[in-house]
Each structure stands twice: as structure tokens, then as C-alpha cells.
Amino acid sequence: MVRQTVSARRVVTSEAAMAIELREVNKWFGSFHALRDINLSVSPGERIVICGPSGSGKSTMIRCINHLEEHQTGEIIVNGRALTEDFRKIDEIRRDVGMVFQHFNLFPHLTVLDNCTLALIWVRRMPRKAAEEVARRYLDRVRIAEKAHSFPGQLSGGQQQRAAIARALCMNPKIMLFDEPTSSLDPEIVKEVLDTMVSLAGEGRTMLCVTHEMGFAREVADRVVFMDRGEIVEANTPHEFFGNPRSGRARQFLAQVLK
């Protein structure tokens, strides 16, 4: 159970410029239709939890947002910039988007501090001293400042995931994407990562999180997006989604995960 609280959910206005827009997005892996006519608009600062059964397209959808996967048809617009094959535009979009993966993806031969400063030094061209100051600030933010000079293999799974979150935050992204960040963790250390994410949720960044942690969805999300077979079946506030799901498929899913 996540014990921290988050600021009151915001009222999203249609007048605000969208942080992310997906319009009729389709994605195939060979003959497999992974995403089917996806339409989703996300306002700046909005917190979206994406859930659904395995293979429903959740991770594929958020990976398309920063071009880790290439969509075949439709439009993806991030902070007003259309995602195309132009590598300069892809790089511009990625500068605004931080991503935290299921399996940490930390470089095992680098210390936690070096993992966090690498992009700052080589992408942002920041002097090492300044980069280390930024990295230490975010390592303190995720409560592992004392592990700065440790290697990933010397950390627990929860500590490694918090290091990965700190690494993403170092680039000061406007948008954070989380791809099942707790699914590879032992149950007893899931809470420490969720607590870190709950704390971050109050800072005003746009967040999209693929997760099966329904307690986190209830507490943090402005909207819950439910996917099945490559489609968005429904999207609603946590109160409505958990209390009165509109689709039979969502009711079936919730009956299984909320046992």
C-alpha cells in the first residue's frame, strides 16, 4: 500500500496545449497488429496510468512516443513537435522525454554517479563538476545519495530502479515514461520505488506509467487508460474506472487483478 499522498488531481482543460497527442496511430510487428488506431491526448502535467493484460500494446505505445519503436501510420506529436524520421526532431523530442525501463538499463561498469552524469556530459556538454552536482541532487531526491560511488551490481533491485529514475531526471525532462518499473522487483522492495514515483508525481511533470500496481493508479493517476488487443478500450478517472468500469473487458480485468 502506498502511504504518501499526492496533491489534489488537476482539472484538465481542453484549451491547454497538449503535451502528447497520438492520432490514429497503428503499429505492426510483421503481421501482428500491435496498436490499432490509437487516439490519446495528454495535457501538460497530467498523470496517466496505462493498464491492461499482457500483450495489449501498453509498452509498445509509450515506446513509440520517443521513437524506441517506430509506428507505421498515424501521428505522434510531443510538445508541439511531430515525430517523423528526421533524426534532429527525434533528438529534440528525446531531450524532453525521460524513460525508466523494466530492467534498469544501467551500465554495470560505471558507478551510479557516472551513470547519471553520462548524458549530461556527452549530450548536454555540461562540465563534469556541474553534471555531478545535478546528479547528486537527484540521487538525494530519490534517497540513494550514499550510493553515488557504488556500482549497480552492489545495489538492490529497488535501489537500481531509483538510480535509473535519478538518471532520467538529471536531463530535466518535461515528460516521464515508466515501462512497468516494478515488474522485475521482489515484492518487498516494490513499495520503495512506488513511493519515489508518488513523490515525483506531485512535481508537475507529465507522467505516463505502464503498471499493474492498481493502488498506485488509484492514488496518483488523473486518468487510467485501459488497453486490450492493441486498442484503448476505455479511459477515465480512477474513481470512475475502478468504481464503474464501462466495458465488460475492463470489469473482467479488474476482477482478476483486484482479487
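Which residues touch the most other members of the largest nonpolar core? They are L139, I165, F178, F216 and F241, in a core of 52 residues. A nonpolar core here is a set of buried Ala, Val, Leu, Ile, Met, Phe, Trp, Tyr and Cys residues joined through side-chain atoms within 4.5 Å. Buried means under 20% relative accessible area, exposed over 50%, and partly exposed in between (1.4 Å probe, protein chains only). Helix 6 (residues 187–201) gives the largest share of this core, 8 residues. A second, separate core has 28 residues, including M61, I65, F101 and L177.

This is a predicted model: local features need pLDDT of at least 70, side-chain atom pairs count only at pLDDT 80 or more, and totals for chains, interfaces and linings use all residues. Residues are numbered from 1 along each chain as its sequence is written, and side-chain values use heavy atoms, with hydrogens and water left out.

Helices (H or I, at least four residues) and strands (E, at least two) are DSSP runs, numbered from the N terminus. Two strands pair if DSSP finds at least two bridges between them. An open sheet of 6 strands runs in the order 6-7-8-3-9-10, with mixed pairing. Strand 6 (97–100) and strand 10 (231–236) are the edges; each has a single partner strand, so one side of each lacks a neighbour in the sheet. From one strand to the next, the twist averages 15 degrees. Angles run from 0 to 180 degrees between N-to-C directions, and axes are lines fitted to C-alpha atoms, for helices over the stretch in contact.

Strand 1 and strand 2 form a hairpin with 2 residues between them. G30, in the turn, has a positive phi of about 65 degrees.

**Helices on the sheet**

Helix 1 (residues 58–65) lies across strands 3, 6, 7, 8, 9 and 10. Its direction is at about 150 degrees to strand 7 (175–179). Helix 9 (residues 248–257) packs on the sheet too, touching strand 3, strand 9 and strand 10. Helix 9 makes about 100 degrees with strand 9. Contact means heavy atoms within 4.5 Å.

Is helix 1 enclosed or open? Of its 8 residues, 7 are buried, so helix 1 is largely enclosed by the rest of the structure. The buried ones are K58, S59, T60, M61, I62, C64 and I65. H67 follows helix 1, with a positive phi near 65 degrees.

Helix 4 (residues 128–141) packs against helix 5 (residues 157–170) at about 135 degrees, with axes 9 Å apart. The two are therefore oblique to each other. Angles under 35 degrees count as roughly parallel, over 145 as roughly antiparallel, 65 to 115 as roughly perpendicular and the rest as oblique. V134, A135, Y138 and L139 of helix 4 meet A166, L169 and C170 of helix 5. Beyond four places in sequence, L139 touches V112, L113, C116, I144, A145, A148 and A166.

T196 lies in helix 6. T196 is buried, at 1% relative accessible area. Leaving aside neighbours within four places in sequence, T196 contacts V142, R143, R162 and I165.
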